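Trainee: I am new to this one. Please show me the structure, and then let me ask how the terms apply.

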Amino acid sequence: MAVCCRSQTLQVMDTEYSADAAEWCPLDDWGTVLACGTYQLKKAESDLSGQDSDDPHLRLGRLYLYNYDPHQLFSPVYEVQKIETAAILDMKWCHIPLSNSPILGIANAKGTVELYTLQGNRESSRVQPVCSVDLGDECLALSLDWSTGRRESSSPVKIVCSDSRGRLSLLQVEESAASVDVVRQWKAHGFEAWIVAFNYWNCDMMGRRLPAEGMGHKITTRQPHIYQQKAFDGSVQHPESPQREHVLATGSYDEHVLVWDLRQMKQPISDTHVQGGVWRLKWHPTDSALLLAACMHSGFHILDSASDGCPIVSSYVLHNSLAYGADWSRVLLPDSSVIQPEPAVEKSDPTGRDATTQKLEQSMQNLKIFYESPTASFDVVLEDDEGGYIPEPNRNTDDRPVIGVSKLEKCGQLQTNLLATCSFYDHVLHVWRWQYQRLDNTD
């Protein structure tokens, strides 16, 4: 089954600090509200011994709140709030309102989980902190997830959080969101546990993404016990599908996205090479087959798990740095009429590479690659001989099926999605729309 689709950039914002998380509010009445989290490592002055300080407070961040106005043709996204914080490594909205308000959870570099409540209305909404919990033992809080993914009433509401010491913490949130407490904490691994996520179909189960040796696991919260799934080349990111029970997607630094059936874990249902290390995966909020992947050096890709092999059906490669944050909005955009094909791009040489791409390819010959993360162990910096940052050219996916102009003209009305993506070293946030329609016949 082929997909007729097209992407269109609506707006690009400079976040000043490096952007690593973008999250649309999942509540229907607040679907135009977008939060963006940033992370900036401020180098400390050397101490008397000549060693740099590892003070987590030197990891600075900002929380941005934006609103999307579908009635504005130009600059439809505007900033409504900016808060100086500790560096933000992950954030998630609760899928259900607490005390009739949307709640945003943030995992930060001070080793705390903070909850913010969204107040006002969509046009002038603002967040304010309501409570926080310290995970203890100097660490960075790396990720979090809510137990409310299937949007059913979950009482009590729980959060699971991972940290840079390899621990998992199970938190319980009061119904009013006035307090959050650690109810269980355990050592899950000897290194950073980069991502942890609930199984939304059974919130006593969760999964986590581990560091470079990348062993994927499932963990039960009743009596913490590790069930080994599979060894991966690189750390693993995996979200449970909130719409299809037993379906799990994993991605890792080995540049592959795998889709699994949890009832049969001997081998994946599909294996897609996305040509970039996978940092984040997000299922579409209503179309259970579509999967959005942030693939570091190869941009952002949309995969269709309903088609054989889970192919990449669309790519958004307009970012010039590491593709980190990505999310779908639940806002309903009006259906688009027939898509007009993009104007042809002049080719600078017979191979189809433009001058910029050629220059970057030449520069790549002199690149030095250094890995450093928010925990000072695993991010990517690309430098030339003078020490300047050079973005890696986005890799395309020329091996995927391409729908010709004649097909685009026959697509008719298409479903329109609103997305946000952000990239790290160029500190930019893109808001764009993706229009698509499945075609039964690809002739």
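Mentor: Start with a definition: two strands pair if DSSP finds at least two bridges between them. Strands are DSSP runs of E, at least two residues long, and helices are runs of H or I, at least four, numbered from the N terminus. This is a predicted model, where local features need pLDDT of at least 70 and side-chain atom pairs count only at 80 or more, while totals for chains, interfaces and linings use all residues. Residues are numbered from 1 along each chain as its sequence is written, and side-chain values use heavy atoms, without hydrogens and water.

Trainee: What makes S10 and strand S11 a pair?

Mentor: Five bridges join S10 to S11 (residues 157-163). Pairing needs at least two, so S10 and S11 qualify. They run antiparallel.

Trainee: Why are strands S10 and S13 said to stand at the edges?

Mentor: The open sheet has the order S10-S11-S12-S13, with antiparallel pairing. S10 (141-146) and S13 (180-187) each have a single partner strand, so one side of each is left without a neighbour in the sheet.

Trainee: What makes a set of residues a nonpolar core?

Mentor: Its members are buried Ala, Val, Leu, Ile, Met, Phe, Trp, Tyr and Cys, joined through side-chain atoms within 4.5 Å. Buried means under 20% relative accessible area (1.4 Å probe, protein chains only). The largest core has 21 residues; Leu98, Leu115, Trp146 and Val173 touch the most other members. Among the elements giving two or more residues to this core are S10, S11 and strand S12 (167-173). A second, separate core of 18 residues includes Trp93.

Trainee: How much of the protein is buried?

Mentor: Buried residues make up 57% of the 443.

Methods. Buried < 20%, exposed > 50% of the residue type's maximum accessible area, 1.4 Å probe, protein only.
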